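Okay, thanks for coming, everyone. I've got a few minutes on one structure, so let me put it up and then talk you through it.

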Amino acid sequence: MKRKSLRFVAFILSAILIVVLGNNSFATAPRTTEILWDTYGIPHIYGKDTESAFQAFGWAQMQSHANLLLRLYGQARGKAAQYWGEDYLESDKWVMTMGVPNRANSWYQAQSPAFRGYIDAFASGINAYGKAHPNLIDDEVEIVLPVKPEDVLAHLQRVLYFTFIVNQEQVADNTQTQPQAGSNGWAIAPKHSASGKAMLLANPHLLWSDLFVWYEAQITAPGMNAYGAALVGIPVLAIAFNNNLGWTHTVNTHDGWDLYELKLADGGYLLDGKVRPFTTENFLLKVKQKNGSLVEQPFLVKSSVHGVVVQEKAGKAVALRVVGLDRPGVLEQWWDMAASQNLDQFQKVLQRLQLPMFTVMYADRQGHIMHLFNGLVPVREQGDFQYWQGLIPGDTSRTLWTKMHPYEDLPRVIDPPSGWLQNANDPPWTTTFPSAIKADDYPAYMAPRGEMYFRAQRSARMLAEDDKISFAEMIQYKHSTKMELAERILDDLIPTAQKSANELTRRAANILAAWDRNADADSRGAVLFSFWWREMPDDEIFTIPWSEKSPRTTPDGLKDPESAAKALQIAATKVKKAYGKLDVAWGEVFRVRSGNLDLPANGGDGDQGIFRVLNFAPAKDERFQAVAGDSYVAAIEFSQPVKAMALLSYGNATQPASPHISDQLTLFARKQLRPVWRTRPEILANLEERKTF
């Protein structure tokens, strides 16, 4: 009996040891704080306490991105024109109109005492690096130092609320489009994976510059061991995983802002038949001149009960209303999401609804997967999603929303029968099939009922057509450059074009017939197809339009093959003139470039149904250069231990002297990910530099 008891005790002790070793967040806190830099320039931060971890993260971001970070913080202050001249004046006006600096001060005071200390520590890490290495920072951005903790919150607002939710261009044009900001996200349940373990794919598509640059890191502190990525200047990871769970975000079809048309009267505006006065605030913007002197420019900001006035003319004004400006807890919510250890804990953090937008795609070690249409959605008395995209009458309080839908009201699915979830910036109704979230169950303004675009269809097709997806296959699918659009219409275009009286058109048709319908570097026909698509009109192209009843197989067919064949002739003429041949390889025309690197690209426009998204800008010699698209990619399997591969396309640094500018670009051009090093032995085996505090 005694021997059995000893065996049982030994079993319990060994089980506890496995749990402790499997979850570093329970490990003994180190006596010192250090950053272990691996050979890809990823900082692995070990904090003796949470404040020290935040301070080290501030230091690390400066070592990798000091010039960028300080310039972004200068803009978030609304003082960029004062620091760097008139080119930044419009940026300052936007920041001041949106009330960013004042709100950053009030948000700072509204933080919990503990988290306010963490933000202080992050700012002190930035300043400590600036003091220690002034020679490594550009002279013109040094003026931003020292950084204040309020700057961190101002930058957060400028990025999250006044770029992602709404930006200057959208307000000027009154358009709800989100240019070059998208993502793919997958969550795969054990029943749908080859290993029987849940898997997660994180794949944001953002510009490769400015405030969209990702920073990859691991942060370990008491109660925390998370790996992932933050946007430069943000002190917590926004996409992350730990030993037990992980999440990614996609830009969702979320309406977080509205424009109200006000009727002006007697120096104010009409609301419910009464004249209301505007509130006003005067600023003096300072603008640096070429001779170094400063010129002051007065600037007036007017507001109604709806929000700030962004346009005023012809007896009318337009006011902007944005969700979430009264919710200062975004950073703490992200931090606590990364500290969560199971779905219940994770959802309790999500229920705070401090994060104003973004789909949450989730997977964990217990095998759960979840898609949450996350965001602050106003409770509206009327109208569908389309109605709220236009100018809203501002003379009645019936249209003035004040309350938000609680967490329970948001579209969400956990563990669907299909075993998989996807989002490629499509509405939540198409996250899986059979459909798990029904549009009819939600207010008509929650999300659009419109088209499931080709990239989302491609995403769903790859998941649905493979019953048991392995970790390696998930990575392979992630790099798919198949053009879903081409699969729908080439069968109509090619036979018509092959019968054309024009010899160039017939040759072009034969090249398209032989093409593999991918946009890989060596694909021949993809350039021709892409040029042809540009020549096509924007509407009424397809025989069968998109249908809610057949969301994954429509639209389909060419409505007017004869006109399409004529467009092919125009495209073929342009391709031959530019490149000397019709079957030019995709990678010869579309390039990824950085410094001395000039490599052939794989991937292209998501609108053509390519899952591996790259957006290009014209470059010299009739070539195109990648400027946006696949940025941070992470593939995670919640096995024991966790298996993870990742890539940061453009490298983990922008500082001029860093060896990590574009050091991952060659892997990117080859459609490869690199191993993620998370355990201390792995990191030490791939150590480039150690910094101890």
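This is a predicted model: local features need pLDDT of at least 70, side-chain atom pairs count only at pLDDT 80 or more; totals for chains, interfaces and linings use all residues.

Ten strands make up an open sheet with mixed pairing, and the order is S19-S17-S16-S8-S7-S6-S5-S2-S1-S30. At the edges you've got S19, residues 412-414, and S30, residues 687-692; each has a single partner strand, so one side of each is left without a neighbour in the sheet. On average, neighbouring strands here are turned by 15° against each other, ignoring direction.

Helix H9, residues 330-339, lies across S5, S6 and S8, and runs at about 140° to S8.

Next, helix H16, residues 561-579. From first C-alpha to last it reaches 26 Å, close to the 27 Å expected. Which of its residues are buried? Ala564, Ala565, Ala567, Leu568, Ala571, Ala572, Val575 and Tyr579. Looking down the axis of H16, those fall within an arc of 155°, so they line one face of the helix. They pack against several elements, including helices H13, H14 and H15 and strand S26. The face turned away from the buried side carries exposed Glu562, Lys566 and Lys577.

Okay, salt bridges. How many does the structure hold? The count is 32. One of them pairs Arg690 with Glu34, with the closest N and O atoms 3.2 Å apart. That one links strand S30 to strand S1, 656 residues apart. Arg690 is partly exposed at 44% relative accessibility, while Glu34 is buried at 8%.

Another joins Asp630 and Lys478, 2.9 Å from N to O. Asp630 sits in strand S26 and Lys478 in helix H12, so the pair ties together parts that are 152 residues apart in sequence. Are those two buried or exposed? Both Asp630 and Lys478 are buried. And there's a network as well: salt bridges with shared partners join Arg458, Arg461, Glu465, Glu484 and Arg488.

That's my tour, and I'm happy to go back to any of it.

Note on methods. Residues are numbered from 1 along each chain as its sequence is written. Side-chain values use heavy atoms; hydrogens and water are left out. Two strands pair if DSSP finds at least two bridges between them. Helices (H or I, at least four residues) and strands (E, at least two) are DSSP runs, numbered from the N terminus. Axes are lines fitted to C-alpha atoms, for helices over the stretch in contact, and angles run from 0 to 180 degrees between N-to-C directions. Contact means heavy atoms within 4.5 Å. The expected span of a helix is 1.5 Å times one less than its number of residues. Buried means under 20% relative accessible area, exposed over 50%, partly exposed in between (1.4 Å probe, protein chains only). The arc is that of the directions from the helix axis to the C-beta atoms. A salt bridge is a side-chain nitrogen of Lys or Arg within 4 Å of a carboxyl oxygen of Asp or Glu.
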